[in-house]
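Visitor: Could you take me through this structure, starting with how its charged side chains are placed?

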Amino acid sequence: MVPTGVRGGDSLSMMEIEIQQDGPFVPVGRRVERHALIRLSAPTMESCVARAPLAISFVIDRSGSMAGDPLELACEATRHAISRLRDTDQFAIVLYDHEVEVLIPMSTACAGSRAAAAQKLRGVTARGTTDLAAGWDVGARLVAEARGDEEIFRRCLLLTDGMANEGVTDPDELKARAARWRREGVTLT
C-alpha cells in the first residue's frame, strides 16, 4: 500500500482517519480495481471525558460456589477494570469467603500498583462458604476511608454469585446496609 497523505481529524476531539491506496492515481475514463486501507482511530477516553477521581474497591467472592469460570471471570474483569483506571484514581481488592482478606489495600492506580494487582489476582483460588456482608463491609470501609476531597467518586464493586450463606444473609438487612453506605457516600454495584 502506498500512503496517500490523506488524514483528517483532531486526535483530541474527533475520529482520526487515515487512508492508504495501492497506487497514486485512478485513470480517467477506465474501469480499474483499486484497493484501499482505511484506519479509523477513536480519541482516547481521557481526552474526551472529564470525570472526578475514583476510589473503588473490587470485592471478589472466592467461595466454593465461585469455583472455575465464575471466579476466573471475576478476576479477569477486575484486571481489565484496573488497567483502565487513571493515575489519579485509587483502588483496593478484597477477597472473601468465610474469611475476609485485603489482597491490595487502597492504593493509587499507578502503573506499578496496577501490575502488582494483576499478578496477585492470578493466584486467587476458590474455597469456603460465603460471608458476603463481611467482605462487602471491608470493601466499603476502604472506599469510605480513601483519601480525597468531596469530588472523589466512591464505589464498591461486588463480584459475586450472590449466594450468601454465612454471616448476614437476610435480604432486608443487606438492603439496609447498602442504604447506610450510600448515606456515607459509598455506592455499591
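**Charged pairs, sheet and cores**

Guide: Glu99 has a relative accessibility of 43% and counts as partly exposed. That term covers the range between buried, under 20% relative accessible area, and exposed, over 50%, calculated with a 1.4 Å probe on protein chains only.

Visitor: What kind of model is this, and how are residues numbered?
Guide: This is a predicted model, in which local features need pLDDT of at least 70 and side-chain atom pairs count only at pLDDT 80 or more, while totals for chains, interfaces and linings use all residues. Residues are numbered from 1 along each chain as its sequence is written, and side-chain values use heavy atoms, with hydrogens and water left out.

Visitor: Which residue forms a salt bridge with Glu99?
Guide: The partner is Arg127, and the closest N and O atoms are 3.1 Å apart. Glu99 lies in the loop between β5 and β6 and Arg127 in the loop between α3 and α4, so the pair links parts of the chain 28 residues apart. A salt bridge here is a side-chain nitrogen of Lys or Arg within 4 Å of a carboxyl oxygen of Asp or Glu. The helix and strand names follow DSSP runs, numbered from the N terminus: helices are H or I of at least four residues, strands E of at least two.

Visitor: How many salt bridges are there?
Guide: The count comes to ten. One of them joins Asp97 and Arg62, with 2.9 Å from N to O. Asp97 sits in the loop between β5 and β6 and Arg62 in the loop between β4 and α2, so this pair ties together parts 35 residues apart in sequence.

Visitor: Is that pair buried or exposed?
Guide: Asp97 is buried, at 0% relative accessible area, and Arg62 is buried as well, at 6%.

Visitor: Which helices does the Arg177–Asp137 pair link?
Guide: Arg177 and Asp137 form a salt bridge with closest N and O atoms 2.2 Å apart. Arg177 belongs to helix α5 and Asp137 to helix α4, 40 residues apart. Arg177 is buried, at 15%, whereas Asp137 is partly exposed, at 23%. Elsewhere, salt bridges with shared partners join Arg62, Asp97, Glu99, Glu101 and Arg127 into one network.

Visitor: New topic: what is the strand order in the sheet?
Guide: The open sheet has five strands in the order β6-β5-β4-β7-β8, with mixed pairing. Two strands pair if DSSP finds at least two bridges between them. β6 (100–108) and β8 (186–188) stand at the edges with a single partner each, so one side of each lacks a neighbour in the sheet.

Visitor: How do β7 and β8 run?
Guide: They run parallel, joined by three bridges. Cys156 stands opposite Leu188 in β8.

Visitor: Which strands does helix α2 lie across?
Guide: Helix α2 (residues 69–83) lies across β4, β5 and β7, at about 165° to β4. Contact means heavy atoms within 4.5 Å; axes are lines fitted to C-alpha atoms, for helices over the stretch in contact, with angles from 0 to 180 degrees between N-to-C directions.

Visitor: And the nonpolar cores?
Guide: A nonpolar core is a set of buried Ala, Val, Leu, Ile, Met, Phe, Trp, Tyr and Cys residues joined through side-chain atoms within 4.5 Å. The largest has 20 residues, of which Ile60, Phe91 and Ile93 touch the most other members. β4, α2, β5, β6 and α3 each supply at least two of its residues. Another core, of 16 residues, lies apart from it and includes Ala133 and Cys156.
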